[in-house]
Amino acid sequence: MNKQQIIANFDPSQPGLADATIFGLPFSIEQSEIVIIPVPWEVTVSYGAGASDGPEAVLDASFQVDLNHQDFPELWKLGMYYAEIPSDWKKNSDKYKDLAQPIIEALESGEDLETYPALLEDLHKINKACRELHTAVKEKVLHYINQGKKVVLLGGDHSTPLGYYEALATKHENFGILHLDAHMDLRIAYEGFTYSHASIMYNALQIPQISKIVQVGIRDFCEQEVEVVQQSKGRVIVHTDSDMKKETFEGKTWAQQCDEIITQLPQKVCISFDIDGMYPWYCPNTGTPVPGGFSFEQATYLFNKLADSGKEIIGFDLVEVAPGENDDWDGNVGARMLFHMCGVLAKNNGLNTGKRIEFPRK
């Protein structure tokens, strides 16, 4: 059947098809407008683990997401496809994560790696493996972009989008990152790992095409990261959670704050959403939760305003979802945020997501 025939014969009110792609959709990758690349990787985690299981948790939970989204009721008709990836991505994540733990433990005990040649050699192996992963992600992203697809990345820890940004940089001469997170992620080679999850935005700054990073929800940072911001000459703008809450306590609305954030971004924007930017109860199993944050609805409101602002959204990543041992709540939240962000991307790029559903309120 062609795509229109599939749409005509598919009932979006029924549970998602278990043998279908993400969100239970019946389309092939060729028939889908949006391709989701899962990157199950978390080699350099130093606190909570589980982000490498995030993509699968989101995929599993996605079958329970109702497709009749209030903002994007016809989004499902565009098609979203969960891409196949090399099986060694997850295997290598597990392998090199085990190799990284003795290095992390040695550093946390105050040891000098220069006195441990074996650990130093392992560190070089890990950095090499991470670089190879980013290159593979870049190639995968470009493969689908060159087919005319809208491509998004689903992590994995926050190190995973670097190859994604590099791919976007080959297609766009100037773009910014709207970075939602509890952390600045501006550490330089954190714990010796060049491609640490805590270094993703520092590494992004090394990409010349990324002209601005606007950070939202930040509430944990170190002295080195403050220096990186101060030396960036306005290339990094930070909206800490503390500053934003103070403004709201004194009368500034979220709508006004969103307008300010959007104004600071260049014309082309990629969204990077670390799920720990939200209040911890949304995804309590994320690797490095921090008290404070913003709500699910605040995030979606900001994304909707960005979509309607006249700026061009060129992609997004969603990272650091980690499933719990006894429930799928984190995956559920991640799947619903992923669906909404796909709607924002599609609408902003002129694809038909349907007219927003309005209900009588009187």
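Two strands count as paired if DSSP finds at least two bridges between them, and strand 3 meets that with strand 8 (residues 312–319), in the parallel sense over two bridges. Helices (H or I, at least four residues) and strands (E, at least two) are DSSP runs, numbered from the N terminus. This is a predicted model, where local features need pLDDT of at least 70 and side-chain atom pairs count only at pLDDT 80 or more, while totals for chains, interfaces and linings use all residues. Residues are numbered from 1 along each chain as its sequence is written, and side-chain values use heavy atoms, with hydrogens and water left out.

**Strand 3 and its partners**

- Strand 3 (residues 150–155) is largely enclosed by the rest of the structure, because five of its six residues are buried (under 20% relative accessible area; exposed is over 50%, partly exposed in between, with a 1.4 Å probe and protein chains only).
- On the strand 1 (residues 34–39) side, the pairing with strand 3 is also parallel and runs over six bridges.
- To find your place there, look for V35, which sits opposite V151 in strand 3.
- For the strand 8 pairing, L154 has L318 as its bridge partner.

**I213 in strand 5**

- I213 belongs to strand 5 and is buried, at a relative accessible area of 0%.
- Leaving out residues up to four places away in sequence, I213 touches I177, H179, M201, A204, L205, R235, V236 and I237; contact here means heavy atoms within 4.5 Å.
- K97 is another story: I213 and K97 are 116 residues apart in sequence and 29 Å apart in space, C-alpha to C-alpha.

**Helix 9 and its buried side**

- Helix 9 spans residues 254–263, and W254, Q257, C258, I261 and I262 are buried in it.
- These residues lie on the same side of helix 9, because they cover an arc of only 135° around the axis (the arc of the directions from the helix axis to the C-beta atoms).
- As background, an α-helix has 3.6 residues a turn, so residues three or four places apart point the same way.
- The buried residues of helix 9 pack against strand 4 (175–180), strand 5 (210–218), strand 6 (236–240), helix 8 (241–249) and helix 10 (296–307).

**Cysteines**

- There are zero disulfides in the structure, a disulfide being a pair of cysteine sulfur atoms within 2.5 Å.
- C130 is in none, and the nearest cysteine sulfur, that of C222, is 19 Å away.
- C130 is buried, too, with a relative accessible area of 2%.

- A search of the whole structure turns up one cavity of 30 Å³ or more; on a 1 Å grid over the protein atoms alone, a cavity is a set of points where a 1.4 Å probe fits but cannot get out, and a pocket is an open set with protein on both sides within 12 Å along at least five of seven lines.
- Grid points are joined across faces, edges and corners, and a volume is the space filled by probe spheres set on the points.
- The largest cavity holds about 40 Å³, and its lining is V45, S46, Y47, G48, H197, G287, T288 and E320, lining residues being those with an atom within 4 Å of a point.
- The largest pocket holds about 360 Å³.
- Of the 15 residues lining the largest pocket, H69, D71, F296, T300 and H340 lie nearest its centre.
- Helix 10 and helix 11 (329–348) are the elements giving two or more residues to that lining, and helix 10 supplies the largest share, five residues.
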